Every structure is written in C-alpha cells, then in structure tokens.
Amino acid sequence: MMNEPVEKRYMPEVSRKEIDELKTTMKAASQKVMAENIERMKKADPKRPEAMKYFDEISNLFGKRQEEIAAEKAKGKKVIGYMCLFAPTELILAADAIPVRVNSGWYDTSKLGDRVVPVEVCPVIRSTIGAKMIELSPFMEQSDALISVLTCDGMTKLGEILSDYKTIWGMNVPRIKDSTQSLRFWNDEIKQMKNQIETFTGNKITRNKLKEAIELSHRATKAFRRLQELRKGSPVIMGRDAMLVNQTFLWDDKLRWTQKTEALCDELEKRAQRKDWVCSPDTPRVMITGTPMFWPDNWKLPTLVEESNPQGIIVADEQCSGERILNDPVGVDEWSMDDMLNAIGERYLMASTCPCFTSKDGNEDRINWLLNKVKDWKVQGVVYYVVRGCMLYAMEYTRVKKALDKINVPVYYLDTEYTREDVGQMKTRVEAFLEMLTARVDM
Amino acid sequence: MTEAGTVKGQEFWRWQEYHRIMPKKWTNKDLITAGVDVGSVGSKAAIMVNGEAYSWGITRTGSNSPESATKALSYALEGTGLKASDIKYIVGTGYGRVNVPMANKAITEIACHAKGANYIWGPTVRTVLDVGGQDIKAIRIDETGRVTSFLMNDKCAAGTGRGMEVFADLLQIPIEDIGGISLKVEKEPEPVSCTCVAFAKTEAMGLLRKGWTKEKVLAAYTRAMAVRMANLINRVGLEKELVVTGGQSKNIGIVSRIEVILGVKCLPMPNWRDEGSLDPMVAGALGAALFAKALYEKAQKA
C-alpha cells in the first residue's frame, strides 16, 4: 500500500527539463486565462459584490490557498485529494486532514494526456493525467493520498493511472443505489475509508471530531442554499460569479468559505431589496447540466451564455462541479458514531444524481432534480453540456430531453472538447438558443 | 455554364457570383432594410422594400469579413438606384455576423434561415435544412418562421459546401454540375464510409484508381453527405414541410437523395436562375432583412 512504485505502469518517462519547461509555459498561460475570466466577470456586473474579491483571490489555483496548504503541511497536516464528489470529506476533516478536489480544468494538459490514453477518452481524464505528468496542479502535488471513486469508466482507470505517482484509495460505488445491499456495501466502504484515513494520518476520528466536521458542512450547505435561494428571483448575481463561489469550496478552507459566502449573501439580500438587478429581469434564465466544468478553462460556456447577444443568465446548474457539491446535508438523527457514519454513507450515495447510476427507474433522481430546479428557479432553457468522450452524460441526454419536452422547456445539447478552437461555432449555437428563448417572449 | 474540363486552369470549385433586382419599384416613402449574411464560403446581401425581397448579391467570402460584407452589400445595391444611406436598418448574420461593419444588430444564421425559409416557401414549412459552406443546421420552425429547436453539426466540413468544392476540384467538374452528374449512375453505389474532407479525398482517389467512374465516385460521396444530413434532420425530428436552404440547396444530387432517404418530398425549389425568382442560398440574408424591418419598426414605436 505504500507509495512510490519503482516502475511506472502507465506513465511515460518525461525528462525533468521537459516537465519544468511545460509547467512554466502552461502555468503562465493558465494565470492569463484566470485573470481574463475574472476581468470579464467584473465587466459583466459593474456593481459586482465586494465579497466577490475574496473568491477571485481564492480562485487563483497558484495563489494564496496553495501557500496556506503548504504551510499546514509543513506543520504535519496531511492533504487528501479526490477526483469524485463521493469522497466523504467530513471524514477527512475529522482526521485533521485537508480535502481538495484535484480534477483538471486545463485544456493544454489534455494534449499531454494523449501520450497515455487515446483521444477518445474524456478530456477531463486526459487533462488530469497531463496535469500530473508535468506537476501543474498544486493541489494534486500537495495531496499525500488520493481517493479514487469508481464511477464512470474514465474515473475508474484514472486512479489506476495516477497510482504511478500517488497512494490511491479506491472506493467502489454500487451502480444500483436504491437497494438495501447497495447501501450496506457502500456504508462498509465508508467505514473502511475511515480506518484508512485514521491509519494514514495517525489521527483518530472521534465522535466529537466527526460531529464537528458534519456541523461545519451543515453550515456550509446552509450558506450555499442561501445563495441559491437568492438566484430564484430577479437576478442579483451573475451565474458565473455564483458558480465560481460554489467551485472554490472544493479547495478552500471550509469555515472561511462559509463565512465569506454568508457575507456575500448579506450583500446580495440588500441588493435584492434595492431591486438593483445585474441584468434585466426578463433576461432568459438558463440552467446548465451535464459534464463537470472545472475552473479555469471550462468557463467557456458560462461566459458565452452570459456575454451572448441576446444575453442569458445562469440561475442554476446540475453539475458535480457546481451545485451538487453542497446541495445535500448529512442527515444525522442521533450523534452516535454509527449513526453519523451511516448518515454520511447515505448522503454520498442516495443524494447523488451522477449518471453512473441506474435502477429500474433509471437515474430518476437526476430527472427530479432537473424538474424541480426548472420549476423553482423559473428556468426557461437548459443547456446540456457534454465533453466528447463523456459517455454517461451523453447517453442520458435522450431521457432528459424527453422529460423536459413534457414540461415544454427547451434543452440544447452542446458538445465540445477541451479546446478553445470551437468558441466561434459554440457562440453561434448558444446565441441561436438564446434567440429562441427570447423569441418565445417577443418578435 | 462550361463543359467539364474544357478550360485549362479552370477553377472547378468556383460557383457563380451574381446579383439580381426584382421587377418592382420603390419610392422614398418605402422602408428599405437589408440583411448581410457573411458565411464561411459565401457572402450574401439582400435588400428588402417594405419587407419584400427587392435585390441581392452573392459573392465569395474573402479572408476579411468586413470587406466581404461591404462587397456583398454594394453588389446588392448595384443598379438599383439605392444608396447605402437609404437603408434604414441592417442586420448582420452568418459566421462573420459580428464583423459586419454597417450592421445595426447581429442575429444568428439559424434564426435568419428560419425566417427566410418562411418567407420563401410560406407558413407550411416546419423543418429547414441549411447546408452552408462549413456547417449543416437542421432547424424546426413554427408557422411564423420562429425557431423551436435546432441542431448543428460539429466543427467539421464533412458534407458541407466546402467539402463539395474539394470534390469539384479533385474530379475537375464545375461545382454547379456536380449534383446532376452524381445522379447519372444506373445503380446507387454504397456511400463512402468516411465523409471527412481530409480523408474523403484519399478514399475517392482510391476508388478512381479501382476504375470507378467520376459519376459513381460522386454518387457515393454525395450519398454519404445526404445520409449525414438526413440523420441530423431525424435527430431534430422531421415534420413536414421540409425545405433546404444555403448554397447546397442548389445541389440536386444532395436534395433528391435526402428526399429518398427520408421518404418525403421537399417543397419545390424556386429556380434561382430565372429572373424574378428567389434563391434559397440567400434565405439567411432575406431573413436578416426581415428582422431588420421588425427591429426598425419596433425602435420607431418605442
């Protein structure tokens, strides 16, 4: 189980010189992209909330948060990375370790991943492999171990490939979630993970520690839900801003993130009282669903939607890089160790709308999530976002479309890649979709 | 129209640039609007008088979109007596829509082709296939020409006008004869397996070496393109009446094969060569000019 295997099973040998050179260029390019994204977000809302400054800063993948984690590590803290939302972060926190999600949102590194896996493989996977190859991701590099959850095919093999570098803890997720044996199996995985984390960190996960961690995540969920609540009415925050807030939770300090989000909500509530909207209240309201969209390069679609002519506003999403991160609290009845562990198991399995699940109803939970969002957030159009190679999301589209057709909400299937080359064509698609939504109102 | 392969150094891919003025008059009281559709291959500009097609010009898009837009609009104005300043409102559309310098507003070619198809063929049109130079769009519309859903092919020129140009050059057949020639086969051959423009060339060369006639090669390639387009139409959901717009609407080889594959007849194509007849290649520009009229009137009311 100990790390550093002698022989690499997947990864090619890359010279130190090449690693350093590529890392320098790609890091510089990425810093430019992040700065540009934020500039555009600022421009989109001239009266952007003060509190967004914090999230702009923390969104810098090579900035303050990386330094903080390095300092914690120097004091002996462990960092546990993960690639899927199923990783039970409360357990990591309860063991005084730092959870960080390490999926790559860099387009450039997906081309490096091509050296290991074919181009048909989902670019999120290829890009994460590429990022590891040149040590681009600070959070990945800082991780002492990685939790690899076997959800889609790409994720299943990603952990195996990354085991050339890192200690990997696999978690086996049952594909049929609504059965007692599935839950029992998954709860065992959770207990096993608890033991693993305790042994690895040398910190015992006590009842009190776990309760504190769960309470912290309750508070975060509450702050998150308050923010989402504010997106139900006339727009007081650009979708991109809210999406950035949600995503930074994946690497930020959980308590501080919660406080900053609460501060943001305070500001936004005042703004709502003043009826000071970020854009006209009749701007078409868009929801995004599909493949996760990792910062920074994957801001392509949200930027197109909100800078399109006619403009759209993103009011909701159903993505594991977005609202799914914090939507569901761990539901504890009694605060016994057993009850807490079972509650964690249930929250990560049952609440998930990941397309890796099926059952006799199919992934009914996802359909319900989408229909509820459409209703409560008054969504006028859905963009179904899929990167090529993301098989499960691509396959579930037909079903989602049928469900949305029934309630007369247009959905547009937007397939793309980890590339900037298709921005022009995507713009035409997005604009035509928004024209269509606008035309439902006038013209 | 020239005979295939008769002129040395002939550019077989080059299609006819032309302009047309419809037999009607305008006065200073009329509302003049224009649509400029800068596509990846062709630039089209249409002038409307009170929402009726009056004149248009079709030119090849150069490397510079604003220049192409200007050129197309001047071409549409040629011989009409109208000046650019007579135009009250201009809508830009097409791939280069944001680079139409004189446009008051940009609208996507998807909305414009929908509107234009409704104008050309009337309110019974429900499905529009727009085959442009670099992409294919299948568009569902309502009786007013409003888009209800659409699909677009990915970033690849397969089965598009640009792909046909490559073939015209390869087989040395003038582009405008390609459709007809592709139909001169006794039995329809299997479609080529790969429609990729880059690879299709290699595959076609292989077939020619194997002794296939030009007609047969063209039939196999055109068939493959038509299959791709029919798939797109099926995915968006075919509802009658069906029409084809864009440059490839003039390719009888494509249109007739789509009809066979889908088992429906398209609404009759106006014969664009006749004076006084509309041209589905300018559907986007016509739609844009109609939007221009609506937007101008809306602005006047406000």
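**View 1. Strand β3(B) is mostly covered, with eight of its eight residues buried.** Here, buried means that 20 or more other C-beta atoms lie within 10 Å of a residue's own, against 12 or fewer for exposed and partly exposed in between, with C-beta atoms placed from the backbone. This is a predicted model, in which local features need pLDDT of at least 70 and side-chain atom pairs count only at pLDDT 80 or more, while totals for chains, interfaces and linings use all residues. Residues are numbered from 1 along each chain as its sequence is written, and chains are lettered from A and ligands numbered from 1 in the order in which they are written. In a regular strand the side chains alternate between the two faces of the sheet. On one side of β3(B) look for Gly42(B), Lys44(B), Ala46(B) and Met48(B), and on the other for Ser43(B), Ala45(B), Ile47(B) and Val49(B); all are buried. Helices (H or I, at least four residues) and strands (E, at least two) are DSSP runs, numbered from the N terminus.

**View 2. β3(B) has antiparallel partners in β2(B) and β4(B).** Two strands pair if DSSP finds at least two bridges between them. Seven bridges link β2(B) with β3(B), and Ala34(B) sits opposite Ile47(B). Ile47(B) also has Ser55(B) of β4(B) as a bridge partner. Strands β3 (residues 42–49) and β4 (residues 52–60) of chain B are joined by eight bridges, and Ala45(B) faces Gly57(B) there.

View 3. Contact means that the C-beta atoms of two residues, placed from the backbone, lie within 7 Å. Axes are lines fitted to C-alpha atoms, for helices over the stretch in contact, and angles run from 0 to 180 degrees between N-to-C directions.

**View 4. A second open sheet in chain B has four strands in the order β9-β8-β7-β10, again with mixed pairing.** β9 and β10 (242–245) of chain B are the edge strands, each with a single partner, so each has one side without a neighbour in the sheet. The twist averages 20° from one strand to the next. Strand β8 (residues 136–141) of chain B runs antiparallel to β9(B) over five bridges, with Ala138(B) opposite Leu151(B). Helix α6 (residues 214–236) of chain B packs on the sheet, touching β7 (127–131), β8 and β9 of chain B, and its direction makes about 30° with that of β8(B).

**View 5. The contact between the chains takes 14 residues from chain B and 14 residues from chain A.** On the side of chain B that touches chain A, the elements giving two or more residues are α2 (109–121) and β9 (147–152) of chain B. The largest share of that side, four residues, comes from β9(B).

**View 6. In chain A, strand β5 (residues 285–290) has six of six residues buried, so the rest of the structure largely encloses it.** Arg285(A), Met287(A) and Thr289(A) point one way, and Val286(A), Ile288(A) and Gly290(A) the other. β5(A) pairs in the parallel sense, over five bridges, with strand β6 (residues 313–318) of chain A; Ile288(A) has Asp317(A) as its bridge partner there. The chain reaches β6(A) from β5(A) through helix α13 (residues 300–307) of chain A, a right-handed β-α-β crossover (with the strands pointing away from the viewer, the path from the first strand over the helix to the second runs clockwise). β5(A) also pairs in the parallel sense, over five bridges, with strand β7 (residues 381–387) of chain A, where Val383(A) is the bridge partner of Ile288(A).
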